[in-house]
Amino acid sequence: MPADSPRVFPVDEFVRDELYPGYRQAFGSQPFVAGPVRPFSKADNARYWLRDSLHFSEGMVPASIALLDDAQTWGAQLGAEIVGVPPTRGSVNRLAGTHVYIGTIDVDTDWQMQSRAARFGEYVSPILADFDRYWGMRAAELQAAYDHFDALDLTSMDPGQLWTTVKDAYAFHRRAWFIHFEVMYVLTANYLAFYGLAEEIGLAGSQVSGFLAGEQTFYGRTDEELWKLAAHARELGVSEPLLRQAPRSVRANIEALAHGKTWWRELEEFLATFGWRTEETCRIDTPSWIEDPSPALERIASFLARPAGFDFDAARAAAIAERDARIDDARRAVNGDDLARFDQALASNRAANFAWWNEEHNYLIDRRAAIPVRLATLELGARLSDAGRISRPEDLFFLFKPELFEVMESDGTAWANLAALVPDRRAYFEHWRERGPSLPTMLGTIPLTVPDPIMIEVFGLSGHFLETLRGGTGGGEAGPASAGGGEIAEIRGFPAAKGVAEGVARVITTVGDLHTVLPGEILVCGGTTTEWTPAFGIIAACVCDTGGSLTHAAIVSREYGIPCVVGTAVATQAIKTGDRVRVDGRAGTVQVLA
Amino acid sequence: MTDEAVLDLGVIRALHAPRVGPKMARLGQLASAGWRVPDGYVVTAGVLDEWLPLAARAELARLLAAEKAHDLTWLADQARQLVEDQPLPAWLAEAVGAAHERLRARTGLAAVLRVAVRSSAVTEDGLGASFAGQLGTYLGIRDPDDVLRHIRKCWASGYTAWALSYRMRHGLPLESRDLAVGVMQLVDARTAGVVFTLDPITGDRGRLIVEANWGFGESVVSGQVTPDYWAVERRSGRILERREGTKDVWSVLDETAGAASSRVVLMPLPAELARVPCLSDEEVRYICEKAAELEEAEGVPQDVEWAIARDLDFPDCVFFLQHRPETTWSAAPAVPDQTPPAKAFDPVQYALRNVFKVPGT
């Protein structure tokens, strides 16, 4: 045998189905710190589960589940483990049909808490002390990966290169989500420390996010660019098609106009920078704006409905003035050593600002990390459908990642079996997509309180929120709004952004319907994410079922200077589109007037 | 006579304690270090012994040895009367008059200057017990002749029943010796009181205690009112506790007696003042901060009298009138600072302790 040929020492003798007699490992039981995405089991009744419609409103196709595993499951668990967050080992996910629920994994022994605490400081302190450099390094790593993936010419690759690219894209996705949770937990510590200090010196912890407002973000810049495109559309006389036609057919009609091509070129330049984003997180089935600019076009159209435009400079100046006034008020209320600590905490949180990062990171991670997987998968799907293995490229979204990997790395004879599963799976996804809006906000045992401040401030699990849900029937179709036969005249929540507004309610359950919101309306929804941001330039106020002081809706409302009440638990059920409502963002109340 | 019967405060340093008493020596030292203290001068302790005529001394010795001397009230009356009846010599009147003129010039107040005449026993603190408030202190005096008379009253106060009993108990000669008298500019106090650099009740070194009332500090040091009370955390300067006093009286200048002879007297406190704290939080913290500095310099817990002048801007209005080692606890084993360790904002510690509530952090 030539020295350079591979040599095999056969494993055949050791091949077994069982690890030990009577024990067969369950699928997916190994690679996780705490546990993979799973369907619910009866044991899950013992704890609480929160519907995460904030991140995944429409459900997960099979291929998205590996991406969810990378993110809110594996990424969160590994991040919590490596950072050594004492009270939590991250989050676990369960699926109701295709819909995502999140639970937290509490560390419940003193010894574990203490041993995690011992290494937590060593990990966190140096990063917080030099956060700009640290995040700059991570952001550069992510950007370098995007530069690599975006430059690939997938269509001209040979099959081996393409499959390598799929695997690289998945590997990158997992890495991106580890970065996400590593940074998140480190920043969370800084934020929560400020929160804890505020409570100690007699301020409210939930005030803290207001002290950190007014920072420019990538998506803030995106919105400014969209307003500019709207203004140019008006100047160049191309508004009519934008206002009157469906986004998918609008291009030809615009380019037929005198300055249409000029405007479309501007749009494409905009997309080259700002279009690498999907509408939801970990959803392989949602296109980026590069592929389908409809979301951008819809937003531009909704901005055209408000001819005065939106004065971003004035709004930011007002947000900064409001932030500084809150800081001044707080500083007046404390003194001596407390004041010195307050100033240190403020400086530390400005240098490593969770409220800012919570929005900023989305363009590098949440809304972008899955795009390389999606594009490579679609190219693979196109070739497979050309070869007659599957009926269309998107069929690959209905295969689980292990299924795809197994068939791709074997002789490929299993394609027929897999392809046969796709129609049923597609129907299953559609069935659950329709059920999504009526799913309960929480499942399992609703606790009296949730100790984790992030669950309170980001997801809004305040005592009031939990009490409202306990008082109702679980927040499902027959929610507390109709309990007792009487109408709820006033809904309470967390006062997220000050101001009073009265107007017509528009209840929106999925971001896809966001373009139906009219200027001056009051947006009522489960919760908002980055994709909802442009609506804040036209609405009069925002009301959410979920959320706390750190929620997207709270932060963005402050930047846009509109009143906002979050964490109401029941707003989308108690309020109907067309109701006249009055929102008091300082009191945290919403009155249904008629 | 000695050519240094009277010393201006500006030249007094700690080393002068044997002649001016520790109280005035500390005040001089404080003034020289740039602290805000009332200006003044001191009639040194030696003067008392030089001045009292031989005949008077013989008479005093007879009284102290008298059979009836066990009746301390009687003895005190007799002895004090004897001292107060002695004429003051011209050299002393001259020296005090000159010092007073210098003080009037330094303060720029001329004849309007009012002073406090305070006894300053050379041994008072060294005995390990507090003489505070037991020897004469006279406030609001304006006329130099009146100052002289009150200096003599201070000397006479060395023969109160309390002072005699004290010396008797400690086996000391009954003669009052070594008594200096300080004459200080009277701070026209809006509010005055004391600060202890430890909690005098518990000995807790982590807390400073401020007690104060409107007007001159006499109502507080003589225990005539339940003063306003603040407990302040040493480490953070945070006010841990505040109690409103029962401030029904205050010490004020009695203007009814005529400008020349008006004195500080106890009067009913107007109701609108009684309901209001007599210090702002800022003033409380400033007073504590300075008292802690004093303790640092002295090395032992201090009991500090202070006054806040009307019509001066903060913090120039805060005067330190006297300070002395706190006597109750300084002999006892030190009670360590009971506040938890310093808490600068360390995000890790705050997250672990306040938010994650990790046991033992």
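Helices here are DSSP runs of H or I with at least four residues, strands are runs of E with at least two, and both are numbered from the N terminus. With that in hand, look at what follows helix 1 of chain A: A:Gly84, with a positive phi near 80 degrees.

Before going on, some housekeeping. This is a predicted model, where local features need pLDDT of at least 70, side-chain atom pairs count only at pLDDT 80 or more, and totals for chains, interfaces and linings use all residues. Residues are numbered from 1 along each chain as its sequence is written, while chains are lettered from A and ligands numbered from 1 in the order in which they are written.

**Chain A and its helix 1**

Chain A holds 20 helices and 13 strands. Of its 594 residues, 47% count as buried, meaning that 20 or more other C-beta atoms, placed from the backbone, lie within 10 Å of a residue's own. Helix 1 (residues 62-83) is mostly covered, with 20 of its 22 residues buried. From first C-alpha to last, helix 1 of chain A reaches 30 Å, close to the 32 Å expected at 1.5 Å a residue; that expected span is 1.5 Å times one less than the number of residues. There's also a kink of about 40 degrees, centred on A:Trp74. The bend at a residue is the angle between axes fitted to the seven residues ending there and the seven starting there.

**The sheet**

Chain A has an open sheet of eight strands, with mixed pairing and the order 6-13-12-8-9-10-11-7. Two strands pair if DSSP finds at least two bridges between them. Strands 6 and 7 of chain A are at the edges with a single partner strand each, so one side of each has no neighbour in the sheet. Here are some of the strands:

| Strand of chain A | Residues |
|---|---|
| Strand 6 | 490-492 |
| Strand 7 | 494-497 |
| Strand 12 | 580-584 |
| Strand 13 | 589-592 |

Strands 12 and 13 of chain A run antiparallel and are joined by four bridges. A:Val583 sits opposite A:Val590 in strand 13 of chain A.

**Where the chains meet**

Two residues are in contact if their C-beta atoms, placed from the backbone, lie within 7 Å. The contact between the chains takes 29 residues from chain A and 21 residues from chain B. On chain B's side, the largest share, seven residues, comes from helix 12 of chain B.

Conventions. A residue is buried if 20 or more other C-beta atoms lie within 10 Å of its own, exposed if 12 or fewer, and partly exposed in between; C-beta atoms are placed from the backbone.
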